[in-house]
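I'd like to walk you through how two chains meet, so let me put the model up.

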Amino acid sequence: MSNISAPNSSLVLVQKAVKQLRLEASVRRIKVSQAAAELKTFCLQNAQKDPLLTGVPSSDNPFRPPKSCILL
Amino acid sequence: MGEMEELRKEMENLKDQITAARKTFQDSTLQEAAAGVTVVGRVQLKTRKTLRGHLAKIYAMHWGTDSTLCVSASQDGKLIVWDTITTNKVNAIPLKSSWVMTCAYAPSGNLVACGGLDNMCSIYNLKGKDGNVKVMRELAAHTGYLSCCRFLSDTEIITSSGDCTCVLWDIETGTQKTVFAGHQGDAMSLGVSPDFKYFISGACDFTAKLWDIREAECRQTFGGHESDINAIGFFPNGNAVITGSDDATCKLYDLRADQELLTYQDSSIMCGVTSLAPSKSGRLLLAGHDDFNVNIWDMLKAERVGVLAGHDNRVSCIGVSSDGMACCTGSWDSFLKIWN
């Protein structure tokens with residue numbers, strides 16, 4: 001980055017910052033109650049498909065070799 | 001001079017506007033919405049595999065999309081691709097620079113990438129004709145260290161850097177497609193949305209930013225953390241963002257409500273968060289800390305429901321496989337562990 005500051009470089013930076021803030025201010029928002037309800041619903045609806053949450057039986061666990069019974 | 005004054009005033013006004021707007025949409029809290037939900041029972045995960053082979057601190061790991069292979073990067077100067085079920089090393093790739101800080105696996109499984117203090121992102125082709133893994137591209141343009149990288153496809157990758165920017169690269173030509181500037185501090189981590197349209201970045205300016213990849217702009221900025229954000233990830237449905245910080249807390253921000261919903265903190269946790277990953281349903285948040293542990297949180301109730309204690313040094317990276325079957329942790333103790 002050049003150290004020679006053009007007369008308006010800090011002005012340009014602040015203009016950019018203002019433009020960015022206008023963009024962020026204009027974002028369309030929804031109510032927290034709706035957002036929170038949907039997050040909760042997603043978690044609950046997908047709970048059964050979450051192995052770390054439900055636990056994995058050894059027979060279905062690819063990281064655990066199934067225990068086999070040897071009949072002597 | 002007058003114009004500068006006016007612009008600065010407008011900046012302050014806009015910041016106040018954003019704060020006020022967020023408040024008007026804050027008609028409730030996640031605590032209230034989840035009041036009727038019972039806390040998850042104690043989560044006790046066991047180490048199923050230990051991946052041994054690195055000779056120095058592990059800085060990063062990333063699962064392949066097949067939920068079996070993963071890649072890890074260590075400052076022993078190697079990238080290792082592991083079969084996590086057999087614990088075999090599928091590839092051991094020597095790096096030009098051992099100062100690696102990040103690695104990534106392409107969704108296709110064909111490529112891996114890494115980078116660090118060399119300021120570059122190096123792309124390796126795992127499926128070369130003669131079977132040797134070679135550098136395919138060296139993406140150089142960042143003026144600071146490479147902190148994180150994530151593939152969008154075999155032709156595009158996004159990087160975050162200590163030079164405060166994130167960049168979208170065209171891998172074939174090795175050129176920058178888009179530079180995402182805006183952070184006022186080192187960009188430390190990034191995550192890509194499930195639909196590949198957006199990415200989020202966490203930085204040393206204590207903020208997280210949501211970027212529209214094709215429109216090339218920052219859409220939203222989230223503050224609240226009191227120190228550097230080291231880790232960031234999307235909630236599985238893509239509508240929320242989770243951050244982990246040196247301030248020892250994690251936060252959940254909702255993208256559509258444009259605000260923080262919850263903070264995950266405990267007075268007994270005093271060490272910074274280095275890494276994080278949500279479980280498949282999003283209900284569990286696994287966070288790696290400087291104190292060698294991984295804390296497991298019930299994301300809806302903000303209660304700690306488990307701890308993974310198994311490493312002898314800082315947990316530097318963590319990832320949950322795509323099918324949600326296992327969590328992998330990587331540590332400065334040079335080992336990776338697979339848990340479920």
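So, this one is a predicted model, and I'll start with the charges: between chain A and chain B we count three salt bridges. One of them pairs B:E10 with A:R22, with 2.8 Å between the closest N and O atoms.

Where does chain A touch chain B? The elements giving two or more residues to that side of chain A are helix 1 (9-25), helix 2 (32-46) and helix 3 (51-54). By type, that side splits into 24 nonpolar, six polar and 11 charged residues.

Now the extent. Chain A puts 41 residues into the contact and chain B puts in 65. The buried area is about 4500 Å², and carbon and sulfur atoms give 71% of it. On the chain A side, A:R29, A:L52 and A:F63 supply 20% of what that chain buries against chain B, more than any other three residues.

On to the cores. The largest nonpolar core has 29 residues, and B:L30, B:L252, B:Y264, B:L285 and B:M299 have the most contacts inside it. Which element gives the most to this core? That's helix 2 of chain A, with five residues.

Conventions
Residues are numbered from 1 along each chain as its sequence is written. Chains are lettered from A and ligands numbered from 1 in the order in which they are written. This is a predicted model: local features need pLDDT of at least 70, side-chain atom pairs count only at pLDDT 80 or more; totals for chains, interfaces and linings use all residues. Side-chain values use heavy atoms; hydrogens and water are left out. Contact means heavy atoms within 4.5 Å. Buried area is the accessible area (1.4 Å probe) that two parts lose on being put together, summed over both. A salt bridge is a side-chain nitrogen of Lys or Arg within 4 Å of a carboxyl oxygen of Asp or Glu. Helices (H or I, at least four residues) and strands (E, at least two) are DSSP runs, numbered from the N terminus. Ala, Val, Leu, Ile, Met, Phe, Trp, Tyr, Cys and Pro count as nonpolar, Asp, Glu, Lys and Arg as charged, and the others, Gly among them, as polar. A nonpolar core is a set of buried Ala, Val, Leu, Ile, Met, Phe, Trp, Tyr and Cys residues joined through side-chain atoms within 4.5 Å. Buried means under 20% relative accessible area, exposed over 50%, partly exposed in between (1.4 Å probe, protein chains only).
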